[in-house]
Amino acid sequence: MSKKAVIFGGGNIGRGFIGQLFSESGYEVTFIDVDVELVAALNRKHSYRLQIVSNEGARDLQIGPVQAIHGNDTAAAAKAVAEAEIGATAVGANALKYIVGNLAAGLALRAASNAAPINFIICENLHGAAAHVRSLTEAVVEEGARAYLAEKVGFVNTVIGRMVPVPTAEMRAEDVSLVRVEAYKELPVDRKGFVGAIPEITAMTAYDEFEVFTARKLYIHNCGHALMAYAGFQRGYEFGYEAMADDEVRNFMQAGLRESAAAICAAFKADPAWLNAHVDDLMLRFNNRMLGDRIFRLGKDPIRKLALEDRLTGAAKLATSQGLTPSNLAWGMAEALRFNPADDPAAQTLQKRIAEAGVETAFLEVSGLQKDDPLTVMVLKAYAELEKNPRLLPRV
């Protein structure tokens with residue numbers, strides 16, 4: 001096998017999705033990661049176990065050949081970048097600043113050898129992720145590689161739709177390289193990000209009008225998880241599938257996602273049948289008991305999730321900008337204000353601010369909305385109702 005791929009990040013998305021797609025496309029995959037146990041396991045077996053799970057059962061795949069390099073081994077990481085024909089990042093937005101040194105070192109080697117162009121698919125949950133990674137790389141790349149970076153390196157935006165929960169301690173004890181995923185297998189990418197020919201990657205499709213996919217991921221998929229988490233938390237559920245078994249929660253979630261879909265259709269001239277089919281598919285996928293997704297993980301950091309352009313406030317504001325009334329989304333925002341697990345620092349910070357300054361001031365601070373915004377009025381009205389009955393949901 002001569003084709004080589006490099007992936008920064010061997011975690012949930014790196015192994016659980018991109019590694020599979022690259023491997024199935026005929027690439028030998030090198031992961032660059034700082035998990036010592038994982039690096040050792042991948043180098044020992046040169047493959048890893050990917051378990052595709054559903055309520056009907058599980059199916060195991062062996063993904064390989066693969067190898068791994070510890071991120072502190074700059075020379076080896078740079079060599080892997082220099083030899084690769086395709087790359088990806090899947091480290092989490094906050095860790096990007098730690099990987100660009102190795103990335104830039106590899107690009108310097110490519111520049112020195114007049115190597116072919118290379119594209120990196122940026123699998124990070126961050127708006128404008130590709131431009132952000134390019135900017136970080138430009139800041140540290142050697143002077144002699146700047147022209148190569150500008151002309152022959154593509155950074156490509158994507159959205160990751162596959163659900164891949166964090167492996168449990170029990171899973172790591174059984175096999176540190178084991179990753180459990182759902183069957184969903186689509187990788188939309190932004191055609192404009194590529195330099196040179198677009199490689200053929202299993203399940204990857206390049207689109208010209210990519211903004212609608214970003215909106216779909218944030219305002220439907222991520223928004224759906226948030227609605228599930230905050231409604232489920234108010235009713236005392238621990239797992240997402242428990243919330244999905246509650247008909248009132250399901251109906252509330254679906255109504256909220258219909259509001260998001262209508263807003264996206266109006267703003268981006270998207271096909272309503274396409275978006276509503278996506279909503280229906282997600283409602284089935286969210287019910288996957290085998291994934292074991294916890295309400296805590298889906299709802300943690302309500303401050304970020306209530307921010308102006310994030311999954312709840314952003315979806316609701318898009319709706320109001322199109323003349324629509326996002327009553328269920330507003331209710332979900334009110335529930336987010338009541339999310340208060342003791343082990344979520346952001347949630348506790350928000351609760352402290354509500355106690356000190358009142359819910360209106362706290363909400364305006366985290367959401368970026370104005371006091372006289374109709375959405376603010378809707379959220380605060382819903383919050384008052386929830387104060388009287390935390391389990392209450394709108395009639396759908």
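Two strands pair if DSSP finds at least two bridges between them; helices (H or I, at least four residues) and strands (E, at least two) are DSSP runs, numbered from the N terminus. The model is predicted, with local features requiring pLDDT of at least 70 and side-chain atom pairs counted only at pLDDT 80 or more, whereas totals for chains, interfaces and linings use all residues. Residues are numbered from 1 along each chain as its sequence is written, and side-chain values use heavy atoms, hydrogens and water being left out.

**View 1. Strand E1 and its pairing with strand E2.** Strand E1 spans residues 4-8, and four of its five residues are buried (under 20% relative accessible area; exposed is over 50%, and partly exposed lies in between; 1.4 Å probe, protein chains only). Five bridges link E1 to strand E2 (residues 28-33) in the parallel sense. Within this pair, Phe8 stands opposite Ile32 of E2.

**View 2. The open sheet E4-E3-E9.** Three strands form this open sheet with mixed pairing, in the order E4-E3-E9. Strand E4 (57-63) and E9 stand at the edges; each has a single partner strand, so one side of each is left without a neighbour in the sheet. On average, neighbouring strands are turned by 25 degrees against each other, direction ignored. E3 (residues 48-54) and E9 run parallel and are joined by three bridges; Leu50 has Val179 in E9 as its bridge partner. Helix H1 (residues 12-24) lies across E3, E4 and E9 and runs at about 105 degrees to E3 (axes are lines fitted to C-alpha atoms, for helices over the stretch in contact, and angles run from 0 to 180 degrees between N-to-C directions).

View 3. Leaving aside neighbours within four places in sequence, the residues in contact with Arg180 (heavy atoms within 4.5 Å) include Val53, Val164, Met171 and Leu291. The C-alpha atoms of Arg180 and Asn12 are 8.5 Å apart, although 168 residues separate the two along the chain.

**View 4. Asn119 in strand E7.** Asn119 lies in strand E7 (residues 118-122) and is buried, with a relative accessible area of 4%. A polar atom of the Asn119 side chain is 2.8 Å from the backbone nitrogen of Val195. Not counting residues up to four places away in sequence, Asn119 touches several residues, among them Ile86, Gly154, Phe194 and Ala197.

**View 5. Strand E10 beside strand E11.** Both faces of E10 (residues 187-190) are covered: Leu187 and Val189 on one side, and Pro188 and Asp190 on the other, are all buried. E10 pairs with strand E11 (residues 204-207) in the parallel sense over four bridges, and Leu187 stands opposite Met204 in E11.

**View 6. Packing of helices H16 and H17.** Helix H16 (residues 345-357) packs against helix H17 (residues 359-367) at an angle of about 135 degrees, with the axes 7 Å apart. That makes H16 oblique to H17 (under 35 degrees counts as roughly parallel, over 145 as roughly antiparallel, 65 to 115 as roughly perpendicular and the rest as oblique). Leu350, Arg353, Ile354 and Ala357 of H16 meet Val359, Thr361, Ala362, Glu365 and Val366 of H17.

Terms used:
Polar contact = N/O pair within 3.5 Å; in protein donor to acceptor, adjacent residues only side chain to side chain.
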